[in-house]
Amino acid sequence: MAARREPKKWSAEVARRSDALDLEPGVFLLEDPRRIARSLKRSAEASHRRKSTPFRSAMSMLTFYINRAGETLPEKRRTVLEEAKTELRKVFGRVPD
């Protein structure tokens with residue numbers, strides 16, 4: 001009888017080894033939305049592999065993480081990450097007038 005394997009968490013692997021961005025370890029676990037945004041900005045601007053603008057790459061990675069966590073993401077964590085989207089727009093100068 002073959003041993004059962006745990007299903008691989010491909011989304012966690014993407015966050016760890018993204019083709020587009022080299023993320024700071026634990027960036028999505030930070031408590032300060034502004035720190036998350038600044039870290040994503042640094043990663044996106046430093047990347048030479050991304051296929052889009054730094055802003056779009058950073059926002060895509062953040063949105064991807066939120067969406068992949070789905071219903072398992074605690075409400076407090078979701079709130080911090082959603083606030084990080086607003087902060088990301090600010091650090092890239094994308095806040096509407």
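These notebook entries record what I looked up in a predicted model.

**Entry 1. Ground rules.** I number residues from 1 along each chain as its sequence is written, and side-chain values use heavy atoms, with hydrogens and water left out. Because the model is predicted, local features need pLDDT of at least 70 and side-chain atom pairs count only at pLDDT 80 or more, while totals for chains, interfaces and linings use all residues.

**Entry 2. Helices α3 and α4.** I looked up how helix α3 (residues 54-69) packs with helix α4 (residues 75-91): the angle is about 170° and the axes are 11 Å apart. Helices here are DSSP runs (H or I, at least four residues), numbered from the N terminus. Axes are lines fitted to C-alpha atoms over the stretch in contact, and angles run from 0 to 180 degrees between N-to-C directions. The angle makes α3 roughly antiparallel to α4 (over 145 degrees counts as roughly antiparallel).

I then listed the residues that meet (contact means heavy atoms within 4.5 Å). On the α3 side they are F55, A58, M59, L62, T63, Y65 and I66; on the α4 side they are R78, L81, E82, A84, K85, L88 and R89. By class, this contact has nine nonpolar, one polar and four charged residues. Ala, Val, Leu, Ile, Met, Phe, Trp, Tyr, Cys and Pro count as nonpolar, Asp, Glu, Lys and Arg as charged, and the others, Gly among them, as polar.

**Entry 3. Salt bridges.** I searched the whole structure and found seven salt bridges (a side-chain nitrogen of Lys or Arg within 4 Å of a carboxyl oxygen of Asp or Glu). One of them joins D22 and R49, with the closest N and O atoms 3.0 Å apart. D22 lies in the loop between α1 (10-16) and α2 (33-46) and R49 in the loop between α2 and α3, so this pair ties together parts 27 residues apart in sequence.

For accessibility I used three classes (buried under 20% relative accessible area, exposed over 50%, partly exposed in between; 1.4 Å probe, protein chains only). D22 is exposed at 53%, and R49 is partly exposed at 42%.

I also noted E24 with R42, whose closest N and O atoms are 3.6 Å apart. E24 lies in the loop between α1 and α2 and R42 in helix α2, so the pair links parts 18 residues apart in sequence. E24 is partly exposed, at 29%.

**Entry 4. A pair within α4.** K90 forms a salt bridge with E87, with the closest N and O atoms 3.5 Å apart. Both residues lie in helix α4, three residues apart, about one turn of the helix. K90 is partly exposed at 44%, whereas E87 is buried at 16%. Salt bridges that share partners join R34, E87 and K90 into one network.

Key
Helix = DSSP H or I, 4+ residues; strand = E, 2+ residues; numbered from the N terminus. Parallel < 35°, antiparallel > 145°, perpendicular 65-115°, else oblique.
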